[in-house]
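Hi everyone, thanks for coming. Let me put the sequence and the structure up on the screen, and then we can walk through them together.

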Amino acid sequence: MLDHELINRTLGAALRTGGEFAEVFVEDKKSSSAMLDDGRVEELTSGRDRGAGIRVVVGDTTGFAHTADLSETGLASAAEAAAAAARGGGGGVREVSVSRSDGPRPAAVRIPPEDVAKATKVELLSLADAAARGEGSAITQVSARYGDSRRRILVANSDGLLAEDDQVRTLFSVSCVATGDTGLQTGRESTGSTVGFELFDETDVEEMARRAAARAITKLAARPAPSGAMPVVVGPGGGGVLFHEACGHGLEADLVSKSASVFAGRVGEQVATPLVTLIDDGTMAGEWGHFTIDDEGRPAAHNVLIQDGVLTDYMWDHLRARKEGRVSSGNGRRQSYQHLPMVRMTNTYISNGVEEPADIITSTDSGVYVAELGGGQVNTATGDFVFGMTEAYLIEDGEITEPIREGNLIGNGPEVLNRIDALGNDFAMGSPGTCGKDGQGVPVGDGTPTLRVTSLTIGGTAA
Amino acid sequence: MTELIDIATRVAGWANDGEQVEAYVVHERETEVRAYEGDVESLTSAESQGIGVRVVADGRQGFAYAGTLEESALQETLQEARDNARFAEPDEFNGVAEPDGVMPADLDLFDASMASFTADEKVALAIELERATRAADPRISGIESAEYVDTIYESAVATTNGLATTTRETGCYLSAYSLAEADGETQTGFGFSIGRGPSDLDTEKAATEAAERATRLLGAVKPETGRVTVVLDPWVTAQMLGIIGHTLTGDAVQRGRSLFADRLGEQVAVNDVVLVDDATDPAAFTASMVDGEGLATRRTSLIEDGVLQAFLHNSYTARRGNTLSTGSAVRGGFKGGPGVGAQALALQPGTKTQAELIAEIDDGLLVQGVAGLHSGVNPVSGDFSTGAEGLRIRNGELAEPVRELTIASTIQRLLLDIQGIGSDLEWLPMSAAGVSVVVADITMSGS
């Protein structure tokens, strides 16, 4: 993407004011999407973003600048701006020479989205629309979205690292509105993968649309969710959001180092019941949070964070790892070249258990079964977190009974981890997600088998 | 640098016969300084620009963008938008905005002193904010972030209909997230100060608020489940208004996604409620002279004395609804076409301070913060349930802090259960103003 000599000269310029570390991150991203709503293919959008972000580190200070101008002059002036921002003490010239380090190559994308005709992409939307409306006249509105992107990145730094990656993502989602006597309800389904258009060899968009429609229709009959603390069984897949919020963010080293995490200083301690083994794994081919190298040039890795309930490690980016004299765990990510990298999750999951999911439900006298989760949010300093339930049912006498309306659940991370008393053998990954932190969104995946929390607070309105 | 309006006008001028083209061009400069432990943690100086092009031909619409204003990219972006339009289905209401003769309000949204505010001065402000927050209370144990951010934002829209408008705005803010600790327990709080230019900023206010919000939650317990009267803090009200604003757009209504569709002229809130969207109010952080399609912004009264009066429209939803645009086209930068949304929503304030409102409540809850609005509020069904923290109200006074609870109701009921609106209207760094609001009969879910 850039000539080696030009990279060396740019890094040299970035270090001219005495920086200890400099990095050039180059990104060239093409994306396209098509949107159907209200029975019509409304609009196709395509976009191109290309530029470089340059950072310079002196002591604990980082200077950062970015430019869309990848010429020698453009890069030099961004390097100067980053260096001025970091303002090191000493001056002088430092030679930098980068050399290529190839990570493992990703599984080849079989059908690059840019090779697929726009008409073919648009056709998927109409199929989904018809399938959802076919579920009954209660379905009064359908929207569907197709999106793909190809993001090529290059990272080079003053330690001599030079690495590149070519990241392809394809996404499809359907949202339905059902109308009934009780008002409007919604249902949504989405799928996404780090592959090309071959995603649709395995994914039946009509089937997705029917599931989304059925979800909206089911909720028309839903009664108000209960309020108060009770046992909660979370179905396979979506429960990953619970861990993403309950402890994932709290295990990010940048928050830990500022004591803004309830998990600070707890490595080696039992933080969860022995059923819980939590892993963050950027190497999972095809998954939404997968990549070959992170946005600091480190290879993706399989990192065990909690083993049998014991906290084994945090997630690290370059800066935090450098300070601790260790290597990054491959969790340094950024939204785009216009952003500084920080510690982020990739694919975060709880490894499989041994119980039959049906036994977990029958052994629950009363409580709530959450089949599908929405997003969540956490305050890492207190550990309090919430997540939404977008499809949920009552459990009465060991059986799943009536659907309940949407709502948030609230819990405290360290407490909830110690209240997981059942883990199923039906592990699945959940829907593709976008994780937000400090205003930056990055694609993440998560997964769990069926699991039970002995007590979580349901934020409904019923007594 | 070439003037943005020249670029936009030129691109619109490349339209083929029978084609409508809208070019939206943006240039933005941003500085962000984060301070930590008395030093600069990071300093970002960013300059970005880009173009978004919308093409409508035979009723079909296509869009494309590029994060650069290089000459070759302008041509390519127009071509790409034109090609995209071929694959969309026709809609008779598609099109760029028609000039409607409304003159933009004359607002001064550009503080020229921003350009001469040096990096050293910005750094000094961020470091002072961090110091002041730590010093505000001995129980402040740390800082999650303390930052100074400013932007100089310029944009231009030009269309084949002859619209050609520009905007130039500055904005800056200070924000601090603090950690407070006592007896091994940690709580967090934030504080901020916003302005058009550096002289508007109040470091002490941001620092004091961040410290007070964190320290007053120390010792918080999980409350018992029950129904209570709540006082929504201005910050919380503004977030709720943002969601309500979404349900009052022509877009949500026409697509059957609004719980307020078919309710024009009906009583949807208690009599005291007057809800207005007015981007011409210069006090609003999101004030703007023109909307995302280049039409003048204007004041739209959405709810008057509790009665639903109007919905917000851009040019598409106005044509489709056989009405006029309310100048409510909104864009999320140059990477998307114009949607429709509220730009500066505010409830008409009442006469009582927050303390006076609290004094009238026997058993209640002051909601200081909410979490999970994006997952807990469904703007289509109106169901809402969010995580919350705050202080109990007993016999008219603030009592013990509470945490790990949710509050739940529906948007429909919330508006009808409002018992009081405070006098403490405050514009926040979002498209709505905050004000204290008292709401009866909310389910508080705890232990």
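I'll start with chain A as a whole, go on to one of its strands, and finish with the domains of chain B.

A word on the ground rules: this is a predicted model, where local features need pLDDT of at least 70, side-chain atom pairs count only at pLDDT 80 or more, and totals for chains, interfaces and linings use all residues. Residues are numbered from 1 along each chain as its sequence is written, while chains are lettered from A and ligands numbered from 1 in the order in which they are written.

So, chain A. It has 10 helices and 23 strands; these are DSSP runs numbered from the N terminus, with helices being H or I of at least four residues and strands E of at least two. Along its principal axes, the C-alpha trace of chain A spans about 75 × 55 × 35 Å.

Now please find strand S22 of chain A, residues 440–448. Seven of its nine residues are buried, so S22(A) is largely enclosed by the rest of the structure. Which strands does it pair with? Pairing here needs at least two DSSP bridges between two strands. Strand S14 (residues 347–350) of chain A runs parallel to S22(A), with three bridges, and Asn347(A) has Gly445(A) as its bridge partner. Strand S20 (residues 428–429) of chain A is antiparallel to S22(A), with two bridges; there, Ala428(A) is opposite Thr448(A). Strand S21 (residues 433–437) of chain A is antiparallel too, over five bridges, and Thr434(A) sits opposite Pro443(A). The hairpin of S21(A) and S22(A) has two residues between the strands, and Asp438(A) takes a positive phi near 50° there.

Finally, chain B. An automatic or database domain assignment divides chain B into domain 1 (4–215) and domain 2 (220–447). Their centres, taken over C-alpha atoms, are 23 Å apart. Domain 1 of chain B gives 33 residues to the contact and domain 2 of chain B gives 28, where contact means C-beta atoms, placed from the backbone, within 7 Å.

Methods
Two residues are in contact if their C-beta atoms, placed from the backbone, lie within 7 Å. A residue is buried if 20 or more other C-beta atoms lie within 10 Å of its own, exposed if 12 or fewer, and partly exposed in between; C-beta atoms are placed from the backbone.
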